[in-house]
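Dear colleague,

I am passing on the structure that we spoke about, and below it you will find an account of what turned up when I went through it. Please read the notes with the structure open beside you.

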Amino acid sequence: MKTFTALPGRALPAGPNPGVDPGVAPDQGQPLTPTAVHLEELGALIDDVTAIDKAMAVQAAARVVAIDAARLCSERELDGSAFSPALTRRSLVAELACALRIPESTASGLLESSRSLVHDLPDTLAALAAGRIGYRQAITLVNETAGLPEAAARQLEQEALPSAGRLTASQFERKTRKLRERIDPESITARHVRSVADRAVRFDPARDGMGWLSAYLPASDALGVYGQVTDRAIALQGPDEPRTLTQLRADVFRDLLLQTGCAGTGCTEAGCTEPGCTVGAGAAGSLGGLRPNLIVTVPMLTLLGVTEEPGSLDGYGPIDPDTARALAAKCPSAVRILTHPETGAVLSVGRDRYTIPASLRTMLQVRDGTCRHPGCSRAASRSDIDHGLDWAFGGRTDHNNLAHLCPASHALKHEAGWKVSQAEDGTGTLTWTTPTGHTYVTESETIIGTAISAELRQKATRTDDGRSEE
């Protein structure tokens with residue numbers, strides 16, 4: 001029978017070994033039962049996971065130090081730089097976002113949290129570098145000490161840090177928040193005023209044609225809204241109501257904002273059976289009150305019901321064909337993008353003037369989806385269209401030379417030394433080169449085959465007898 005020796009610092013597991021006290025480890029070299037062998041193997045794997053987690057904390061600390069060093073290096077360059085401090089910071093945030101493949105808001109947060117750990121919370125950084133705490137616990141201390149006077153921040157770190165290595169991130173956050181309010185109760189009013197200024201509503205796409213709509217509000221307002229939605233949802237419950245309370249909350253919330261006019265018990269996802277209900281039947285019926293400006297791309301054969309190819313909702317992505325057809329039916333107008341039936345090549349974008357025509361703007365908005373700078377997700381509809389090669393230097397007003405950039409990304413290109421080039425194959429692929437020489441590629445959200453090869457052009461201009469019209 002195979003024998004095991006306990007790893008250093010960990011006793012051999014007790015198992016159903018006849019004649020041996022389960023609470024006493026067997027003597028060294030005594031054969032183990034299969035159960036004990038299995039537990040020993042599992043225990044060794046848990047030790048491996050713990051060691052890897054500790055190594056990740058050590059690496060996180062090293063990344064913090066490197067990020068802050070990059071910030072200091074960037075700021076030192078200001079003495080001989082023609083760029084303003086704000087533009088230099090913006091360029092660093094953008095390059096860090098590109099390098100780590102994260103949003104620029106996240107990169108900005110990394111810069112600030114790294115500065116805080118290195119310069120304001122040295123004991124927390126030391127604990128992270130030693131693997132005694134995790135990165136999330138370290139960030140909790142960064143967040144909770146933000147805005148505190150230096151002495152109060154130091155006291156909070158000293159009192160909270162001993163617990164960081166034995167509590168989960170959420171447990172540690174709750175404890176640290178309580179400590180903060182005890183140590184510096186007077187700051188809560190000022191902090192709340194600052195936080196109210198950050199109130200926001202955001203949309204996050206989800207799978208299967210769904211999305212999350214969330215609001216960052218003062219707690220009293222958020223609870224008030226949730227209470228109103230819950231009360232109205234409960235009022236709709238009854239023996240004939242098939243929807244759960246969770247579904248009712250979502251439907252009430254939607255109806256209040258979109259004014260669908262449906263509040264009856266017979267309104268379900270399968271259709272509305274209430275007399276006078278304005279919501280049509282079908283999965284997309286709840287879109288009856290939708291009035292925002294949306295761009296929906298629907299393949300013609302899908303629109304005609306011949307195929308079930310998904311449509312595309314600008315700002316979201318693929319949507320099911322039923323919803324796409326329902327939205328298209330409610331559109332007050334339609335814009336046609338003419339494409340070659342075999343190659344998908346856009347045939348009607350040739351322009352030789354600076355002003356971008358409306359039809360080309362629409363095509364570019366559908367193609368790009370968002371600002372085309374790496375790490376930026378601002379909607380194309382809220383961005384500007386930029387000539388890759390400036391018009392003043394011979395750049396054409398053509399889809400192969402145009403792309404959406406938000407104002408901040410536009411400033412990087414023209415004022416901070418970032419360079420961009422667009423692929424000539426018509427896909428809209430952009431290659432960005434940072435001031436430090438790194439390159440990053442961004443692709444269009446919707447690939448519209450806009451490349452028209454010389455062979456295709458020649459075929460298109462030939463007459464039936466094979467002669468060229470030229």
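Glu241, Arg243, Asp251, Arg254 and Asp255 are linked with one another in a network of salt bridges. Please keep in mind throughout that this is a predicted model. Side chains of opposite charge can pair when their charged atoms come close. In the structure as a whole there are 20 salt bridges, and a few of the others are described next.

In helix 1, which spans residues 34–76, Glu75 and Arg71 lie four residues apart, about one turn of the helix. They form a salt bridge in which the closest N and O atoms are 3.2 Å apart.

The salt bridge between Arg372 and Asp368 has its closest N and O atoms 3.0 Å apart. Are these two partners buried or exposed? Arg372 is buried, with a relative accessible area of 2%, and Asp368, at 1% relative accessibility, counts as buried too; the cut-off for that word is a relative accessible area under 20%.

A polar contact deserves a mention as well. Thr230, which lies in helix 9 (residues 219–236), has a side chain that makes a polar contact with the side chain of Arg249, at 2.9 Å. Thr230 is buried, since its relative accessible area is 11% and the word applies under 20%.

Turning to the strands, there is an open sheet of three strands, in the order 5-6-7, with antiparallel pairing. Strand 5 (296–297) and strand 7 (317–319) stand at the edges of this sheet and have a single partner strand each, so one side of each is left without a neighbour in the sheet. Strand 6, made of residues 311–313, pairs with strand 7 in the antiparallel sense over three bridges, and here Gly311 has Ile319 of strand 7 as its bridge partner.

Strands 11 and 12 form a hairpin with five residues between them, and in the turn Gly437 has a positive phi of about 95°.

Which residues of strand 11 are on its covered face, and which are on the uncovered one? Leu430 and Trp432 make up the covered face, while Thr431 and Thr433 make up the uncovered one. In a regular strand the side chains alternate between the two faces of the sheet.

Note on methods. Residues are numbered from 1 along each chain as its sequence is written. This is a predicted model: local features need pLDDT of at least 70, side-chain atom pairs count only at pLDDT 80 or more; totals for chains, interfaces and linings use all residues. Side-chain values use heavy atoms; hydrogens and water are left out. Two strands pair if DSSP finds at least two bridges between them. Helices (H or I, at least four residues) and strands (E, at least two) are DSSP runs, numbered from the N terminus. Buried means under 20% relative accessible area, exposed over 50%, partly exposed in between (1.4 Å probe, protein chains only). A polar contact is a pair of N or O atoms within 3.5 Å; within protein, one must be able to donate a hydrogen and the other to accept it, and residues adjacent in sequence count only if both atoms are side-chain atoms. A salt bridge is a side-chain nitrogen of Lys or Arg within 4 Å of a carboxyl oxygen of Asp or Glu.
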